[in-house]
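Good morning, colleagues. I would ask you to look at the sequence and the structure together as I speak.

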Amino acid sequence: MLVFEEEYRLLSQEGHLTKSSLLAGLDSIRRANIDDQGRGFFYSGLFELSIGFERLMKIVVVLQHKLENDNLNPTNKQLRAYGHNILDLYKASCSIANKTLCRDEK
């Protein structure tokens, strides 16, 4: 029971970090302007959004792995294989979505 509670706490914490990154990115882009003072907000906003989307897609990959493997987490090696490659994570997330949609249509 304690293992489940610890996994839930860690996943919940990851969700909060993801939400914070996405919201901070959107807020920075909202405050951005084309002048010299506001231009940096575009860069920081896009940076925060990329971190948020990367985290979100890694959560998707982890949850799918748990569904397919008796609630076991992927190993660090399996998760690190994605690195920070947002394109690979996006492809994996799309594949998971397609599997889920196809399963629901049956």
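**Salt bridges, a pocket and the surface**

I begin with Lys58 and Glu54, which are joined by a salt bridge whose closest N and O atoms lie 3.3 Å apart. Both residues belong to helix H2 and stand 4 residues apart, so about one helical turn separates them. Please bear in mind that this is a predicted model. Is Glu54 buried or exposed? Glu54 counts as buried, because its relative accessibility is 12%, and the limit for that term is under 20%.

How many salt bridges does the structure hold? The number is 7. One of them brings together the side chains of Lys66 and Glu7, with a distance of 2.8 Å from N to O. This pair connects distant parts of the chain, since Lys66 sits in helix H2 and Glu7 in helix H1, 59 residues apart. With a relative accessibility of 12%, Lys66 counts as buried, whereas Glu7, at a relative accessible area of 24%, is partly exposed.

Let us turn to helix H1. Here Arg31 forms a salt bridge with Asp27, and their closest N and O atoms are 3.4 Å apart. The two residues are 4 residues apart in helix H1, about one turn of the helix. Arg31 counts as partly exposed because its relative accessibility is 41%. Asp27 also counts as partly exposed, at 27% relative accessibility.

If neighbours within four places in sequence are set aside, Ser28 is in contact with Phe41, Ser44 and Gly45.

I now come to the loop. Helix H1 spans 2-31, helix H2 spans 39-68, and Ile34 is found in the loop between them. Asn33 lies in the loop between H1 and H2 as well. Asn33 is partly exposed, with a relative accessible area of 42%. Not counting residues up to four places away in sequence, Asn33 touches Gly38, Arg39 and Phe42. How many Å separate the C-alpha atoms of Asn33 and Glu5? The separation is 44 Å, for two residues that are 28 residues apart along the chain.

Ile34 counts as exposed, because its relative accessibility is 63% and the term applies over 50%. Together with Phe42 and Tyr43, Ile34 forms a nonpolar patch on the surface. The accessible area of these residues together is about 350 Å².

Finally, I turn to the largest pocket. Its volume is about 750 Å³. The lining of this pocket consists of 24 residues, and those nearest its centre are Leu11, Glu14, Lys58, Val62 and Leu79. Which helix gives the most to the lining of the largest pocket? That helix is H2, with 8 residues. H1, H2 and helix H3, which covers 76-80, each supply at least two residues of the lining.

To close, I return to two points. The salt bridge between Lys66 and Glu7 links helix H2 with helix H1, and both of these helices also contribute to the lining of the largest pocket. Thank you for your attention.

Notes
Residues are numbered from 1 along each chain as its sequence is written. This is a predicted model: local features need pLDDT of at least 70, side-chain atom pairs count only at pLDDT 80 or more; totals for chains, interfaces and linings use all residues. Side-chain values use heavy atoms; hydrogens and water are left out. Patches are made of residues with over 30% relative accessible area and no salt bridge: like charges are joined within 9 Å, nonpolar side chains (Val, Leu, Ile, Met, Phe, Trp, Tyr) within 5 Å. Accessible areas come from the Shrake-Rupley method with a 1.4 Å probe; for residues, only the protein chains shown count as cover. A salt bridge is a side-chain nitrogen of Lys or Arg within 4 Å of a carboxyl oxygen of Asp or Glu. Buried means under 20% relative accessible area, exposed over 50%, partly exposed in between (1.4 Å probe, protein chains only). Contact means heavy atoms within 4.5 Å. On a 1 Å grid over the protein atoms alone, a cavity is a set of points where a 1.4 Å probe fits but cannot get out, and a pocket is an open set with protein on both sides within 12 Å along at least five of seven lines; lining residues have an atom within 4 Å of a point. Grid points are joined across faces, edges and corners, and a volume is the space filled by probe spheres set on the points.
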